[in-house]
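Let's take a walk through this protein together, stopping at a few places where parts of the chain meet. Keep the model open beside the text as you read.

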Amino acid sequence: MANVVPFRGLRYNTDMFENLDAVTAPPYDIISKDEQNLLYDKSDYNIVRIDFGKESAEDTDIDNKYTRAGKLLEEWIEKGILKREEKPAFYIYEQVFEHGAGPVSLKGIISLVELEEFSKKIILPHEETLSKAKADRFDLMTATEANLSQIYSLFLDEDNKIEDMIAEYSAKEPDISFVTGDNINQNIWIITDGDAIAKISAAFKDKQLFIADGHHRYETALNFRNKKREENPDTKNAPYDYVMMMLTSMNDSGLLVFPTHRLVRGVPNFDENVLIGSLTEDFAVSKIYFTEGDYADIIIERISSILSEKCFALYTGGDYYYRFDLKNIDAIDNYIKDKSAAYKHLDVTLLHTLVLERFMGIDQNNMANQKNLSYTRDAKEAIMRVQSGEYQCAFLINATHVSDIKEISLANEKMPQKSTYFWPKLVTGIVINKF
């Protein structure tokens, strides 16, 4: 199954950068323009300058954010800003953060994984991807010939064999430790011992990997590999045949999946009463008024407590919200014929198919281009943006379960876009895989 191997990663020179918070960054796809500016201001050597560089009105085919990224990477290597590991290594990566009653730890292994087509069912996706994002990452990979951030993947570990190894090899003090601006402790152990490396690699030989976060980057890596193979047909086992991943057990207690809420705008002749009337065929609809407290907190608390039923909420800007409870789980069968039960019964599938597409005219192409639909993990933001009039309404939903991700991946299916939001996000710049 999965071929998981160590590598000589590029890392920031800790003799020059004692606190890596100054030079690391969140994943590129969650960085706003304002956050990009703040990261630029943090350091002349912040990884955002390569992974998500600024555009300029003067950009040309030979001088643009991608070509600048490639030049910067080479320059930083020459200056010793980034140094290559002396020996092949696995990197145990831990994030410690506050959640619920106290601190929570998420641990995994950063490694290289041999690229495989999805059809082989060794590495499995669960979400659809967008062409524009893949083109952006392809241009960056072409310019840098590097994986700048880890693809986040999960594996089944029923006997906790790999988790026990991770615990054993990270029992000492971490080799690198720093705290990011969101108050999350980032710890890294560099594993170069030959016996440990052999045991870890062998433990993954019978494993499938489930992509959690980074579908665009994985498909980009496949496309880049295929291009390089066409250019070098006689080359075997090349560096571009592998991609950098963070591998985490599905049993890890720190594994969190948050919901991604839907915001609707620009729907012609939107009328909540007409919509509610249309939905009563498939849903029991309750109109619930707020008496006190935070609207977002109240909605999320109430819908998340309904574990035995499929439900979600609609907010339209007033002092009330609507709760929708699906009357018959088989209602979706009239609209989706060729998917697994796991796919058909997802909350996002029910919302998209029975509400957004059927009664609001927001089809899959519309969703992909975000014409009438936007997304946010923050329920408070969803409420606020509807109250401001920026959006007509918001649908607040429950999180997708990790077990659903596994079942849909094994069925060789992909969820609607933005079905999952894994948190916390992995930090970019801890280690780089340079081909």
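**A walk through the contacts**

Leaving aside residues up to four places away in sequence, Ser201 touches Val4, Val5, Pro6 and Phe90. You will find Ser201 in helix α6. With a relative accessibility of 13%, Ser201 counts as buried, because the cut-off for that class is under 20%. Please bear in mind throughout that this is a predicted model.

Stay with α6 for a moment and look at its helix partner. Helix α5 (residues 161-169) packs against helix α6 (residues 194-203) at an angle of about 160°, the two axes being 10 Å apart. Since angles over 145 degrees count as roughly antiparallel, α5 is therefore roughly antiparallel to α6. The crossing of these two helices, α5 and α6, is left-handed. On the α5 side the contact is made by Ile162, Met165 and Tyr169, and on the α6 side by Ala196, Lys199, Ile200 and Ala203. Sorted by class, the residues in the contact of α5 with α6 are 6 nonpolar, no polar and 1 charged.

Next, turn to helix α9 (residues 295-304) and helix α13 (residues 379-387), whose axes are 8 Å apart and which pack at an angle of about 125°. That angle makes α9 oblique to α13. Here α9 passes α13 in a right-handed crossing. From α9, Tyr295, Ala296, Asp297, Ile299 and Ile300 meet Ala379, Lys380, Ile383 and Gln387 of α13. The contact of α9 with α13 comprises 6 nonpolar, 1 polar and 2 charged residues.

Another helix pair is worth a visit. The axes of helix α8 (residues 272-279) and helix α11 (residues 347-360) come within 11 Å and cross at roughly 125°. The helices α8 and α11 are therefore oblique to each other, and their crossing is right-handed. Leu275, Ser278 and Leu279 are the α8 residues that meet Leu354, Val355, Phe359 and Met360 in α11. In the contact of α8 with α11 there are 6 nonpolar residues, 1 polar residue and no charged residues.

Now for the rings. How many aromatic pairs does the structure hold? There are 22 aromatic pairs in the structure. One of them joins Phe138 and Phe224 edge-to-face, with 6.2 Å centre to centre and 65° between the planes. Phe138 lies in helix α4 (residues 131-144) and Phe224 in helix α7 (residues 215-231), so this pair ties together parts that are 86 residues apart in sequence. Phe138 is partly exposed, with a relative accessible area of 21%, whereas Phe224 is buried, with a relative accessible area of 2%. Elsewhere, ring pairs link Tyr12, Phe17, Tyr45 and Trp76 into a cluster.

For a last stop, go to the loop between β6 (123-124) and α4, where Glu128 lies. Is Glu128 buried or partly exposed? At 37% relative accessibility, Glu128 counts as partly exposed. Not counting residues up to four places away in sequence, Glu128 touches Lys414, Met415 and Gln417. Glu128 and Lys414 are 286 residues apart in sequence, and their C-alpha atoms are 5.7 Å apart in space.

Conventions:
Residues are numbered from 1 along each chain as its sequence is written. This is a predicted model: local features need pLDDT of at least 70, side-chain atom pairs count only at pLDDT 80 or more; totals for chains, interfaces and linings use all residues. Side-chain values use heavy atoms; hydrogens and water are left out. Axes are lines fitted to C-alpha atoms, for helices over the stretch in contact, and angles run from 0 to 180 degrees between N-to-C directions. Helices (H or I, at least four residues) and strands (E, at least two) are DSSP runs, numbered from the N terminus. Angles under 35 degrees count as roughly parallel, over 145 as roughly antiparallel, 65 to 115 as roughly perpendicular and the rest as oblique. A crossing is left-handed if the near helix is turned anticlockwise from the far one by less than a right angle, and right-handed if clockwise. Contact means heavy atoms within 4.5 Å. Ala, Val, Leu, Ile, Met, Phe, Trp, Tyr, Cys and Pro count as nonpolar, Asp, Glu, Lys and Arg as charged, and the others, Gly among them, as polar. Rings of Phe, Tyr and Trp (its six-membered ring) pair if their centres lie within 6.5 Å; planes under 30 degrees apart count as stacked, over 60 as edge-to-face and the rest as tilted. Buried means under 20% relative accessible area, exposed over 50%, partly exposed in between (1.4 Å probe, protein chains only).
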